[in-house]
Amino acid sequence: MIRLFNENRYERDAVSTPPNEGEIVSSLASVANRLPRISNEVQASGADLEARGVHAWFGSRHVLADVNLSFPAGRVTALIGPSGCGKSTFLRTLNRMHEFVPSAAMAGEVLLDGVDIYKQGTDVTKIRLKIGMVFQKPNPFPSMTIGENVLSGLKLAQIKRSNKEDLMEECLTRAGLWNEVKDRLNSHGGSLSGGQQQRLCIARALAVAPEVLLMDEPCSSLDPGSTLRIEETIRQLSQSVIVVIVTHNMQQAARVSDYTGFFLTEGGPGRLIEYAPTREIFSRPKDERTEAYVTGRFG
Amino acid sequence: MAQILPLQIPVPTPKKPWKPAPIAMIPDLLILVGAFLVADATVALTGFKGKLAIFFLFALYSTLGSMALAFFRRGATAMSNAMATSMAYLSIALVALPLFSVLLTVVSRGRHALRLNTFTQDMAATQPDAPFSQGGALHAILGTTVLVILATVISVPIGVLTGLYLTEVKGRAETLIRFLVQAMSGVPSIVAGLFIYAVWITGGHGGFSGFSGAVALSILMLPTVARTAEEVLKLIPNDLREAGVALGGTQWRTVVMVVLPAARSGLITATVLGVARVAGETAPLLLTIFGTTAKHFNPFVGPMSALPLYIFQLLETGLNVAISRAWTGALVLLILVSVLFTLARFVGGRVKS
Ligand SMILES: Nc1ncnc2c1ncn2[C@@H]1O[C@H](COP(=O)(O)OP(=O)(O)OP(=O)(O)O)[C@@H](O)[C@H]1O
Ligand SMILES: [Mg+2]
């Protein structure tokens, strides 16, 4: 925790002496409080996503229990919690990627604009088009050039669109990659560095204009500058898009999200322990376990 | 410390809501039945004749039907998906039909002469036209087993090492080797036999023997194993090699501990394809193991028999009883090959878990 703070390069009042726990909480809260909120839930329009009583299993192993969360339009939600508590699994139930694991099973409902995406007869490809995803590990398509990668979603979903060049530039700019690749749009995606590849994947996800964007630790391979650029994009996006971001970086959760959900497993399945506005999670969490986690006193 | 509360909520039953409910499958079923009936009617009422016409008309109608259903359910973009899916199903039917008809023919013709003594006796003291209760294919079964095992032992290590040369060592001869292996896979099987006959047997290095036959079969098996192994090894992500080397492993240790285990199931496929390539070969064996009617265990001295050769030599007699025995030989060969493949998968799969 101490190291985390000393490494933090965006904190204006840098902490020089190791802070005690109370200071850490208030410092996180101050980050959360100071940030301008571009998104405003009242103004925002668009889709709305809700998980109701979601459980998940792998084989007979119950890994996620009874998660109730709603993601109204224009809200950025951060999901935090220790490794293995089911954050990624929960994220994957939200756009029906969970079913890709053969042993997977689930229970509960996920409502997109009031309609259960697991309802029989639902066109799952349309669901995934509306609910985009950025994976933890960069996965640009190796057979495509950088430019083709950005536009690959349009091709995959058979969407016709004019001004593809403009779209490409816009998406790459929002992902903070344009300046680095504008001269080599025709080289292969695999020729980029790990962090560049990840930004390419973010640009690719933006190009199909999803209503919801699920991000699973999207910045874990990025440098601070690119991370800031992505966070800016997330805040911009939040005016029109619901963003759900899994992160292990508490500062990032504080900087970027409106609401934070804390997941924890105590041996059994992972559960949502606390869900509240981000500044409350970091300044006066209601649950002792949340406080222990955000102050680094965990485990 | 946080108090650990066991949360008292009822756990619902796990479900897989993405699996279509049986009731939702009814339209798909109706389309299949309908396509079949309409194909039947088309053949009855028009100039089309025969079962093949029914099959192709059924293929056409069911594809169109499922495309229409997909359009009705999810719109235009789903149509190509439905088309590809139904083509895939029809293709497995096209692959499976001839296969099953071959199997059926072999089983129905081969079962007449199939007795317990097929597996326990040889033909040393039996004429080909003796009653089925006498004589058997034991010598040929032994011969094929020995030959296949020997050929595998010779060509799999060489083939896999060749694959490793092409993917891991990446030596200067890479392109040349790849070209040679490719060219070798085009060698007609009788040429392989002739080569061993000319160089090895008439050259005075050895007579007709199981080993000579196994070497001839290895010539045929090697390119299949090497090429397949190379393709499989190429699919192993480079990250794994880097991770192994970065932990301080030599290239060889990394290959043995990381690369080969990751490629295991593909390498077993390479072996199985190689065995499939040679198990039924007759021509090279004529010139190398010669054939015999008695059990013969030592592959290094003296003529041996093998099932394809046994079939060939019985067919040559032209006698009805002998031809029945030949069909039984074919049936036994199919059984033997299936047993070998199952064994290969079993051994390969078991090491994994
Ligand atoms: N494909 C899978 N098959 C079986 N079990 C799985 C699978 N994927 C995840 N699990 C299990 O489900 C639980 C939740 O995993 P999940 O990946 O959701 O954790 P997470 O909160 O995202 O962790 P992290 O922060 O490390 O990414 C873990 O105990 C994990 O072992
Ligand atoms: Mg995860």
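The model is predicted, so local features need pLDDT of at least 70 and side-chain atom pairs count only at pLDDT 80 or more, whereas totals for chains, interfaces and linings use all residues. Residues are numbered from 1 along each chain as its sequence is written, chains are lettered from A and ligands numbered from 1 in the order in which they are written, and side-chain values use heavy atoms, with hydrogens and water left out.

**Stop 1: the ligand**

Select ligand 1 and the 13 residues around it, a residue being near if one of its heavy atoms lies within 4 Å. Arg61(A), Ser83(A), Ser88(A), Thr89(A) and His248(A) come nearest. By type, this shell holds 4 nonpolar, 6 polar and 3 charged residues; Ala, Val, Leu, Ile, Met, Phe, Trp, Tyr, Cys and Pro count as nonpolar, Asp, Glu, Lys and Arg as charged, and the others, Gly among them, as polar.

Next, colour strand 2 (61-71) and helix 3 (87-94) of chain A, each of which supplies at least two residues of the shell. Helix 3 gives the largest share, 3 residues. Helices (H or I, at least four residues) and strands (E, at least two) are DSSP runs, numbered from the N terminus.

Now display the distances to oxygen atoms of the ligand. A polar side-chain atom of Arg61(A) lies 2.7 Å from one oxygen atom of ligand 1. For a side-chain N or O atom of Ser83(A), the distance to a ligand oxygen is 2.5 Å. At Cys85(A), a polar backbone atom is 3.2 Å from an oxygen atom of ligand 1. The protein covers 66% of the 630 Å² of accessible area that ligand 1 has on its own (Shrake-Rupley method, 1.4 Å probe).

**Stop 2: a salt bridge**

Select Arg255(A) and Glu231(A), whose side chains meet in a salt bridge at 2.7 Å, N to O (a side-chain nitrogen of Lys or Arg within 4 Å of a carboxyl oxygen of Asp or Glu). Arg255(A) belongs to helix 10 (residues 250-256) and Glu231(A) to helix 9 (residues 224-237) of chain A, so the pair ties together parts 24 residues apart in sequence.

**Stop 3: the interface**

Finally, select the contact between the chains, with 21 residues from chain B and 25 residues from chain A (heavy atoms within 4.5 Å). Across this interface, the rule finds 0 salt bridges.

Methods: Polar contact = N/O pair within 3.5 Å; in protein donor to acceptor, adjacent residues only side chain to side chain.
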